[in-house]
Amino acid sequence: MLTAETVTTAMALCTNDVCNGNMQAWRTHLGGVMRLLAGFLDSQGTLRIADPYIQCVVKWFTTMDVIAGLSGLKTGDILGLENGLLQRILDQDSVHVDDMCGYSLKLAPLLAKLSHLVRRQSQSELGLRDRMEESQSLENEIYSLVDCRISNVGGHIDLQSTHLAFVYSALLHLHRRVQMLPSHHDVVKSDIKNIIHAIEQISPFSSANILILWPMFSAGCETNDIKEREFIYRRMGDMQNLGMGNFTRAREILSNYWASNSSLSWDSYYATLGLELVLF
């Protein structure tokens, strides 16, 4: 049945699959959610665009879909669908940091574009000129979102920091995976420091931490600085102890990556081991 409740149930199953590491079931459920959600949105009138429940479901799916793409997995790519209602929902109050995603909704399509660019780069589909032009254009768009503010109505102050963590993680991903800057490059080191600085502004016991697994994990995998690694590992441990999200599995995999001393990027390294992870 094309109801918001049906889509929500399927999304709950997806989230449970991620935490359990059951990626085969995750793919099945994610594909089902995409078909259900696309059909559901097509069946809705424009009057329901402001329905908070519908907006919640759309943002929940979009966040998981985008983060999965950034984690190196093929996804439903719902942002690529020609669905005007979907885009209108994502455009709602996009000038502010969204309290469900942890970042401005203006960043969502840029994150999707980033994952596509990384995939094309890894498959040698980008020439040097195209790579530099497209990556520079995307870099400018991402930088333009640094100053997004939290809403004056019910805004949680930690959301300013979660948004910055996502922005600088997107830049880190772009610099390392598309522009192919080495880990010791000053720009890369600056990205990591900016991510960690943003995370430091969030209380270790704030529920906002559950939103930033991807930024936290990305910084942890890219840094060779012992103090930065210790901070990331400790903060992920705080969230693990609180029973929040996918931190237990992510923290274990992060520790294994450090121990390997691999020269491969973390997503490529896990792919060689047949491991998959959605940082959601």
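Biologist: Is α3 mostly covered or mostly open, and how many of its residues are buried?
Modeller: In this predicted model, α3 is mostly covered, with 16 of its 19 residues buried.

Biologist: What length does that helix reach, end to end?
Modeller: Helix α3 runs over residues 52-70 and reaches 27 Å from its first C-alpha to its last, which is close to the 27 Å expected at 1.5 Å a residue.

Biologist: And what does the backbone do just after α3?
Modeller: Just after α3 there is a positive phi of about 95°, taken by G72.

Biologist: Now α7, please: how many of its residues are buried?
Modeller: For α7 the count is 19 buried out of 21 residues, so that helix is described as mostly covered, taking buried to mean under 20% relative accessible area. Helix α7 reaches 30 Å from its first C-alpha to its last, close to the 30 Å expected at 1.5 Å a residue, and just after α7 a positive phi of about 60° is found at M180.

Biologist: I was looking at S161; which helix is it in?
Modeller: S161 lies in helix α7, which covers residues 158-178.

Biologist: Buried or exposed, and why?
Modeller: S161 counts as buried because its relative accessible area is 10%, and the cut-off for buried is under 20%.

Biologist: Which residues does S161 touch?
Modeller: Leaving out residues up to four places away in sequence, S161 touches A198, Q201 and I202.

Biologist: Changing topic, how do α1 and α2 pack?
Modeller: Helices α1 and α2 pack at an angle of about 155°, and their axes are 9 Å apart. The two are therefore roughly antiparallel to each other, since an angle over 145 degrees counts as such. The crossing in which α1 passes α2 is left-handed.

Biologist: Which residues make that contact?
Modeller: On the α1 side the contact is made by A4, T6, V7, A10, M11, L13, C14, D17 and V18, and on the α2 side by A25, W26, H29, L30, V33, L36, L37 and F40. Sorted by class, the contact of α1 with α2 has 14 nonpolar, 2 polar and 1 charged residues.

Biologist: What sits between those two helices?
Modeller: The loop between α1 (4-20) and α2 (23-43) holds G21, which counts as partly exposed because its relative accessibility is 25%. The C-alpha atom of G21 is separated by 8.7 Å from that of V278, although the two residues are 257 residues apart along the chain.

Biologist: Then α9 against α11: parallel or antiparallel?
Modeller: The axes of helix α9 (residues 213-222) and helix α11 (residues 247-260) come within 10 Å and cross at roughly 10°, and α9 and α11 are therefore roughly parallel to each other.

Biologist: Which residues are involved there, and of what class?
Modeller: From α9 the contact takes L213, M216, F217, G220 and C221, and from α11 it takes F247, A250, I253, L254, Y257 and W258. By class, the contact of α9 with α11 has 10 nonpolar, 1 polar and no charged residues.

Biologist: Last one, about the whole chain: how many helices and strands?
Modeller: The protein has 12 helices and 0 strands. Buried residues make up 52% of its 280 residues, and among contacts between residues at least 6 apart in sequence, 70% join residues at least 24 apart.

Note on methods
Residues numbered from 1 in each chain as written. Predicted model: local features only at pLDDT ≥ 70, side-chain atom pairs only at ≥ 80, totals over all residues. Heavy atoms only, no water. Helix = DSSP H or I, 4+ residues; strand = E, 2+ residues; numbered from the N terminus. Buried < 20%, exposed > 50% of the residue type's maximum accessible area, 1.4 Å probe, protein only. Axes fitted to C-alpha atoms, helices over the stretch in contact; angles between N-to-C directions. Parallel < 35°, antiparallel > 145°, perpendicular 65-115°, else oblique. Left-handed = near helix turned anticlockwise from the far one by under 90°. Contact = heavy atoms within 4.5 Å. Nonpolar A, V, L, I, M, F, W, Y, C, P; charged D, E, K, R; others polar. Expected span 1.5 Å × (residues − 1).
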